[in-house]
Amino acid sequence: MHEWVDCHVHVLNGGMADVEELNHSQREIYGYASSNFLSVEGMDDAAQNAMAIYFKLLDRRNYAFGGLHHRFSYDTGREARRLWDIGLDGMKMIENKPNERKRLGIRQDDACLDSLYETASRWNIPLLIHVNDPVENWNWDACSEWAKNAGYYYGDGTFPSYEQIAEETIAMLERWPKVRFCMAHLFFMSNDEPRLRRLMERFPNLNLDITAGTEMYYAFDSQPEAWRQFFLDFSDRILFGTDNCLPAGPQDRKIAREINDLEQNFLIRSDRFPLWDRFIQGAGLPVKTIQRITADNFLRFAGNAPRPLNREKAMAYLEERLQDARYHLTDLETGTICGVLEALRSTQATD
């Protein structure tokens, strides 16, 4: 029986009740021993770090990575250090998902992020980064209908190219060899195993998570032996994640269950098994390799146990956010931050 740790979960456009539901479903429905909440403040939700704090507050087995906001200019390294001092376990970056990259105009090697990387290097803070999207999303004919409907088609000439974002990120990796990076969604390079292999050999500080994108698993099926060998060769730097969020209804819950089953079955099974309208080949990895991927590697990356929350620093951080008019907080953001503050106060009184 394997222990499963989910390195990649979110709450998007939600509040405290959604964080509570996510915490419940991760443990009681999916059975994960620990989960890691990823703040995506870069998607213009100034309550994400508050929700990350709350996710840790709900269960001391939970991890959470903080995020950067971009509502005004500030020292990104100082922000990361403040979140680290609060007790968050790392930093999540969303700035180079292509639609956010277009909106923000911040390259992965942008000078405004140098302070963040320097702080991460100095304090050994792990960074989990979303860079690019599937390469098919720049090609109208290859882009899925789901991606088009979600606004994830990038081939109209107004977005940076897939290759530009990838090369900028590689330049960043070259500059910061001591920072521990994990590229979400296999760096969106499941279309090019030789290139990804070269990068893993070139950058020993580089980790990958295998959070679906279903296209990733279809790519694995197109070259099952090459990808199985990739998993064996880099079994100490691949992390398991799901992208579990909050399903909007029964159909979404069904899809989420199928994706979780897919990711687990791919690692364990050595036969072909069904995935929606087709069958794919399982990797059938050795038991010790699976344990590394499903739990050990994330614990090495983020810490054998979640870092304890410093409630006083967390409250000071959130109170400052409420008082700073530059955030232009929405009612939902204000309500969430106030609610997390109250939860911190009440739990502090009972500790």
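A polar contact is a pair of N or O atoms within 3.5 Å, where, within protein, one atom must be able to donate a hydrogen and the other to accept it. In this predicted model, such a contact is found at R27, whose side chain reaches the backbone oxygen of A33 at 2.8 Å. R27 lies in helix α1 and is buried, because its relative accessible area is 18% and the cut-off for burial is under 20%. Apart from its neighbours within four places in sequence, R27 is in contact with Y32, A33, S34, D59, R61 and N62.

Helix α1, which spans residues 16–29, packs against helix α2, residues 48–58. The angle between the two is about 45°, and their axes are 10 Å apart. That angle makes α1 oblique to α2. The crossing of α1 and α2 is right-handed. On the α1 side, the contact is made by M16, V19, E20, L22 and N23, and these meet M51, Y54, F55 and L58 in α2. By class, the residues of this contact divide into seven nonpolar, one polar and one charged.

Helix α9 contributes A219, F220, D221 and S222 to the contact, and helix α10 contributes P224, W227 and F231. The contact of α9 with α10 comprises five nonpolar residues, one polar and one charged.

Another arginine, R101, is located in helix α4, which covers residues 98–104. R101 is buried, with a relative accessible area of 7%. The side chain of R101 is joined to that of N96 by a polar contact of 2.8 Å. When residues up to four places away in sequence are not counted, R101 touches E95, N96, I106, R107, P160, Q164, I165 and E168. N96 is therefore a polar partner of R101 under the 3.5 Å limit for such pairs, and is also listed among the residues that R101 touches.

Notes. Residues numbered from 1 in each chain as written. Predicted model: local features only at pLDDT ≥ 70, side-chain atom pairs only at ≥ 80, totals over all residues. Heavy atoms only, no water. Axes fitted to C-alpha atoms, helices over the stretch in contact; angles between N-to-C directions. Helix = DSSP H or I, 4+ residues; strand = E, 2+ residues; numbered from the N terminus. Parallel < 35°, antiparallel > 145°, perpendicular 65-115°, else oblique. Left-handed = near helix turned anticlockwise from the far one by under 90°. Contact = heavy atoms within 4.5 Å. Nonpolar A, V, L, I, M, F, W, Y, C, P; charged D, E, K, R; others polar. Buried < 20%, exposed > 50% of the residue type's maximum accessible area, 1.4 Å probe, protein only.
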